[in-house]
Amino acid sequence: MHYNDIKNVIEKNNFSFKKKFGQNFIVDQNIIMSIINKSNIDKDTLVIEIGPGAGSLTVMLAEYAKNVLCFEIDETLKVVLNETLKEYDNVDIVFGDFLKQDVNSYLKKYNYKKLYVIANLPYYITTPIIMKFIEDNIMVDKLILMVQKEVGNRFSAKVGTKDYSSLSIFLNYYFDINKILDVSRNVFIPKPNVDSIVVEFCKKNSKIYVKNEELFFKLVRDSFKQKRKTIRNNLKEYDLDKIESILTKHNLSLQSRAEQISIEVFADIVNNY
Ligand code: SAM
């Protein structure tokens, strides 16, 4: 289906865009083909798409993937998607809030060799969506996500920079992260106030060793609880002597702030705690 046709389907069905759902739909075939080409999806791949919108990306995913499993919160898109996807029998759409879904139970219905997530995410919940894949232990091989430019730059923030956060630590623990595309705000309807980037998250072959992942996650979260506070203040409930001895080894101290502490040092603390 051509992109002008998608615009027509939107108009014909009197669809009205909802800001509260972060609805900015892509209407540029080149951008969609770049995403498809860089993703290496094939007929062994199951793709999860969050927020298919009017289906402009979904159509091409359906062409190249074995199956596409979509989650869309806006039920008024049902008529639009029925029309744009009518030629494809390998697309399933679950209507509801993605954050509330038991994704692993849906996945049991499919046979696939690779599981990818490809989506132009609603900006207002980018981080919770990405964290859901980690917290629910959804075994994805790769995520290719279009996100707001500023947010995308935070994902791979390096230690010592202002964007370095617990999120960047968790993401870099699981994934190799690369920016693959700049996307102008002009390729969307309605046009958003910001530009976007497409970021690729590939599952790491070998993760950094962490003896107790639960403690690692808690320690990192607690260390960043109040960004301006020192480790001594954020980690009052921990054994500070033990933590201090490890920090000293890395030329840091209890006066350091979480943003100065690398993922390797957090791992060292957990492994010797
Ligand atoms: N994929 C389409 C495209 O690129 O043209 C639409 C992208 S638009 C930025 C985001 C989509 O996510 C919208 O269709 C919106 O309704 C949907 N959405 C927003 N919040 C959602 C949620 N919590 N769960 C599932 N879908 C959601």
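Residues 24 or more positions apart make up 68% of the contacts (heavy atoms within 4.5 Å) with a separation of 6 or more in the protein chain. Welcome to a predicted model, in which local features need pLDDT of at least 70, side-chain atom pairs count only at pLDDT 80 or more, and totals for chains, interfaces and linings use all residues. Residues are numbered from 1 along each chain as its sequence is written, and side-chain values use heavy atoms, with hydrogens and water left out.

**Overall build**

- The protein chain holds 12 helices and nine strands, taken as DSSP runs (H or I of at least four residues for helices, E of at least two for strands) and numbered from the N terminus.
- Along the principal axes, its C-alpha atoms fill a box of roughly 65 × 40 × 30 Å.
- Of the 273 residues, 52% count as buried, meaning under 20% relative accessible area with a 1.4 Å probe, protein chains only.

**Surface and charge**

- The 39 positive charges (Lys and Arg) and 35 negative charges (Asp and Glu), with His and the chain ends not counted, have mean positions 4 Å apart. Each charge is placed at NZ of Lys, CZ of Arg, CG of Asp or CD of Glu.

**Nonpolar cores**

- A nonpolar core is a set of buried Ala, Val, Leu, Ile, Met, Phe, Trp, Tyr and Cys residues joined through side-chain atoms within 4.5 Å.
- The largest one has 64 residues, and Phe133, Phe155, Phe201 and Phe216 have the most contacts inside it.
- Domain 1 (3-203) and domain 2 (213-271) each give this core at least three residues, with bounds from an automatic or database domain assignment.
- Another core of 37 residues lies apart from it, with Ile6, Val9, Leu57 and Val183 among its members.

**Around Leu171 and Phe155**

- Leu171 sits in helix α8 (residues 166-174) and is buried, at 0% relative accessible area.
- Beyond four places in sequence, Leu171 touches Ile130, Ile134, Phe155, Ile177 and Phe201.

**Around Tyr238**

- Tyr238 belongs to the loop between α10 (231-234) and α11 (240-249), and at 9% relative accessibility Tyr238 counts as buried.
- Leaving out residues up to four places away, Tyr238 touches Leu215, Lys218, Leu219, Asp222, Ile243 and Tyr273.
- From Tyr238 to Phe216 is 22 residues in sequence and 13 Å in space, C-alpha to C-alpha.

How values were computed
Buried < 20%, exposed > 50% of the residue type's maximum accessible area, 1.4 Å probe, protein only.
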